[in-house]
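Here's a quick briefing to keep beside the structure while you look around. Have a look at the picture first, then work through the notes below.

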Amino acid sequence: MDRTLESLRHIIAQVLPHRDPALVFKDLNVVSMLQEFWESKQQQRAAFPSEGVVVYESLPSPGPPFVSYVTLPGGSCFGNFQCCLSRAEARRDAAKVALINSLFNELPSRRITKEFIMESVQEAVASTSGTLDDADDPSTSIGAYHYMLESNMGKTMLEFQELMTIFQLLHWNGSLKALRETKCSRQEVISYYSQYSLDEKMRSHMALDWIMKEKESPGILSQELRMALRELEEARKAGQELRFYKEKKEILSLALTQIYSDPDTSSPSDDQLSLTALCSYH
């Protein structure tokens with residue numbers, strides 16, 4: 001633990017040289033400190049050059065407890081895990097969680113190296129019924145995970161998280177299962193979706209899928225949304241990274257909004273990220 005704190009102080013001294021590392025987490029202006037941290041990172045290494053803004057979002061509430069989310073450049077999302085009696089307090093608490101995770105992300109142990117990949121694959125094998133031999137077989141889940149890690153060598157875990165979130169959503173959405181039925185290989189699926197980021201276009205396409213599911217099984221949208229909200233709340237209170245849970249909530253909310261605002265929104269758009277598009281790649 002002492003070694004970790006010393007490493008964090010060293011990172012603070014490098015990225016925020018005018019800050020006192022011993023006082024960094026006691027600073028009441030942690031919101032500006034988080035913004036300054038990411039601005040410094042981008043100047044030094046051009047990290048996430050297309051997304052340079054730290055974005056805050058406060059949930060509407062007539063009174064406490066208040067909830068605030070902060071999204072970092074690249075998409076990682078964190079929230080306040082304490083019970084906050086004001087919006088400002090919730091914002092500061094969310095910023096503190098995000099700053100701590102941002103600093104930890106700078107540790108050498110959070111960068112994808114050959115050693116990191118080996119340890120991650122071994123952990124994946126231990127938590128499943130697979131074997132180490134599966135790591136060399138891209139048709140297996142462990143092999144696909146190994147391939148994704150190898151393809152992102154040198155990146156930090158926050159940089160890797162966005163790609164992982166996309167595939168978590170595709171699995172939750174049922175898209176990966178449908179793609180397997182088209183005989184597309186896992187490498188092709190990974191290569192195809194690695195070109196995309198989670199944006200409004202992708203959310204709209206996933207919302208369209210859920211609109212179709214709602215037509216087949218009325219009530220499934222509301223059921224999934226309740227589950228997503230519960231998962232998001234539990235993850236926030238545990239201080240976890242929230243992107244996957246928050247994206248689920250936003251996609252399902254978008255689908256419900258479209259259903260109630262326009263009954264004809266289930267018609268696919270011409271540029272939809274669909275099985276046809278991927279199969280043409282295949």
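Let's start with Thr-165, which sits in helix H6, the stretch covering residues 157-173. Bear in mind throughout that this is a predicted model. The chain has 282 residues, and 43% of them are buried.

- Is Thr-165 buried or exposed? With a relative accessible area of 0%, Thr-165 falls under the 20% cut-off, so it counts as buried.
- Setting aside residues up to four places away in sequence, Thr-165 touches Leu-198, Arg-243 and Phe-244.
- Take Phe-244 from that list: 79 residues separate it from Thr-165 in sequence, yet their C-alpha atoms are 5.6 Å apart in space.

**Lys-246 in helix H11**
- Lys-246 belongs to helix H11, which runs over residues 243-261.
- Which side chain makes a polar contact with the side chain of Lys-246? That would be Glu-57, at 2.7 Å.
- Once neighbours within four places in sequence are left out, Lys-246 is in contact with Glu-57, Tyr-69, Cys-77 and Leu-232.

**The loop with the cis bond**
- Pro-64 and Pro-65 are joined by a cis peptide bond, with omega at about 0°.
- Where does Pro-65 lie? Look in the loop between strand S1 (55-58) and strand S2 (68-71).

**Helices H9 and H10**
- When two helices pack, the angle and the distance between their axes are what describe the arrangement.
- For helix H9 (residues 200-216) and helix H10 (residues 220-237), the axes come within 8 Å and cross at roughly 125°.
- That angle is between 115 and 145 degrees, so H9 and H10 are oblique to each other.
- On the H9 side, Trp-210, Lys-213 and Glu-214 do the meeting; their partners in H10 are Ile-220, Leu-221 and Glu-224.
- Sorted by class, this contact of H9 with H10 has three nonpolar and three charged residues, with no polar ones.

**Arg-180 in helix H7**
- Arg-180 is part of helix H7, residues 175-181.
- Its relative accessible area is 44%, so Arg-180 is partly exposed.
- Between Arg-180 and Ser-139 there are 41 residues of sequence separation, and the C-alpha to C-alpha distance is 9.9 Å.

**The chain as a whole**
- How many helices and strands are there? The chain has 12 helices and three strands.
- Of the contacts with a separation of 6 or more, 61% are between residues 24 or more positions apart.
- The accessible surface of the chain is about 15200 Å², and carbon and sulfur atoms account for 53% of that.

Technical notes. Residues are numbered from 1 along each chain as its sequence is written. This is a predicted model: local features need pLDDT of at least 70, side-chain atom pairs count only at pLDDT 80 or more; totals for chains, interfaces and linings use all residues. Side-chain values use heavy atoms; hydrogens and water are left out. Helices (H or I, at least four residues) and strands (E, at least two) are DSSP runs, numbered from the N terminus. A polar contact is a pair of N or O atoms within 3.5 Å; within protein, one must be able to donate a hydrogen and the other to accept it, and residues adjacent in sequence count only if both atoms are side-chain atoms. Contact means heavy atoms within 4.5 Å. Buried means under 20% relative accessible area, exposed over 50%, partly exposed in between (1.4 Å probe, protein chains only). Accessible areas come from the Shrake-Rupley method with a 1.4 Å probe; for residues, only the protein chains shown count as cover. Axes are lines fitted to C-alpha atoms, for helices over the stretch in contact, and angles run from 0 to 180 degrees between N-to-C directions. Angles under 35 degrees count as roughly parallel, over 145 as roughly antiparallel, 65 to 115 as roughly perpendicular and the rest as oblique. Ala, Val, Leu, Ile, Met, Phe, Trp, Tyr, Cys and Pro count as nonpolar, Asp, Glu, Lys and Arg as charged, and the others, Gly among them, as polar.
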